[in-house]
Amino acid sequence: MAEPLIPTVDLSPFTKNDEDGKKKAMEVITKACSEYGFFQIVNHGVPINLLQRALELSKVFFEYPSDEKLKSSPASNAPLPAGYNTQPQQSPDKNEYLLMFPPGSTFNVFPQNPPDFKRVLEDVFSKLTETGLLVETIVNQCLGLPPNFLKEYNHDRSWDFMVALRYFPATESENNGLTEHEDSNCISLVFQDEAGGLEVRKDGEWIPVIPAKGTLVVNISDVIQVIQHHLFFFVIKVP
């Protein structure tokens, strides 16, 4: 497999209190954010076997017949689209997804099958939240913002969400995936399966973010772009 073009950062210095390692990691992150708006992380604290299990169960769920998956859809009067859904037929984006808010949220709608799916999703959400908070703190320092600025800005974590996405196969007349876009939040964490597909635009060219075992992709999103007056800028797509 080709080497990833997006920089990869080892987060272990931040858990081992390795000051020299922290400094080097922050230099890489700052440069990656200004050049790509993306970087990959390893030793991030989310067990790889847990992420793989979530992928396996997601694949099982998405292979179910539509009537089974639709049992996990939000009610027609639901205020938020938690649960299973598909993109509207006229949408250029071609995927189906399962969306959840933090464990315990009354908006969540979980599938009954496959067994253990709910527990695994909640475990992944909790672990990703811990990693996200660490990354948020690191990015806050890289931006030179006042201490805890992003933490205080993002103090209400009840609107954090996680989504499992399955992209439909392309056809002769239609592509698949997501159209070119920017994420409208602070920070996104992405875990790809072996198929990959995520791409980042840099200097007018699309650069693939090649999946690598044990890595998470960090996407610096719209809110931070605005805070930094678009010093950190990026566009992404999933073909």
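The model is predicted: local features need pLDDT of at least 70, side-chain atom pairs count only at pLDDT 80 or more, and totals for chains, interfaces and linings use all residues. Residues are numbered from 1 along each chain as its sequence is written, and side-chain values use heavy atoms, with hydrogens and water left out.

Side chains of opposite charge can pair when their charged atoms come close.

| Pair | N to O distance |
|---|---|
| Lys31 and Glu35 | 2.9 Å |
| Glu194 and Lys59 | 3.3 Å |
| Arg157 and Glu136 | 3.2 Å |

Helices (H or I, at least four residues) and strands (E, at least two) are DSSP runs, numbered from the N terminus. Accessibility is given as relative accessible area: buried means under 20%, exposed over 50%, and partly exposed in between (1.4 Å probe, protein chains only).

Lys31 and Glu35 both belong to helix α2 and lie 4 residues apart, about one turn of the helix. Lys31 is partly exposed, at 48%, and Glu35 is partly exposed, at 32%.

The salt bridge of Glu194 with Lys59 links distant parts of the chain, 135 residues apart. Glu194 sits in the loop between β7 (187-190) and β8 (199-202), and Lys59 in helix α3 (residues 48-62). Glu194 counts as exposed at 63% relative accessibility, while Lys59 is partly exposed at 39%.

Arg157 counts as partly exposed at 27%, whereas Glu136 counts as buried at 5%. Elsewhere, salt bridges that share partners join Glu63, Lys69, Glu96 and Arg166 into one network.

Helix α2 (residues 19-35) packs against helix α5 (residues 117-143) at an angle of about 75°, with the axes 10 Å apart. Axes are lines fitted to C-alpha atoms, for helices over the stretch in contact, and angles run from 0 to 180 degrees between N-to-C directions. The two helices are therefore roughly perpendicular (65 to 115 degrees). Met26, Ile29 and Thr30 of α2 and Ile138, Gln141 and Cys142 of α5 make the contact (heavy atoms within 4.5 Å). These residues divide into 4 nonpolar, 2 polar and no charged. Ala, Val, Leu, Ile, Met, Phe, Trp, Tyr, Cys and Pro count as nonpolar, Asp, Glu, Lys and Arg as charged, and the others, Gly among them, as polar.

Key: Angles under 35 degrees count as roughly parallel, over 145 as roughly antiparallel, 65 to 115 as roughly perpendicular and the rest as oblique. A salt bridge is a side-chain nitrogen of Lys or Arg within 4 Å of a carboxyl oxygen of Asp or Glu.
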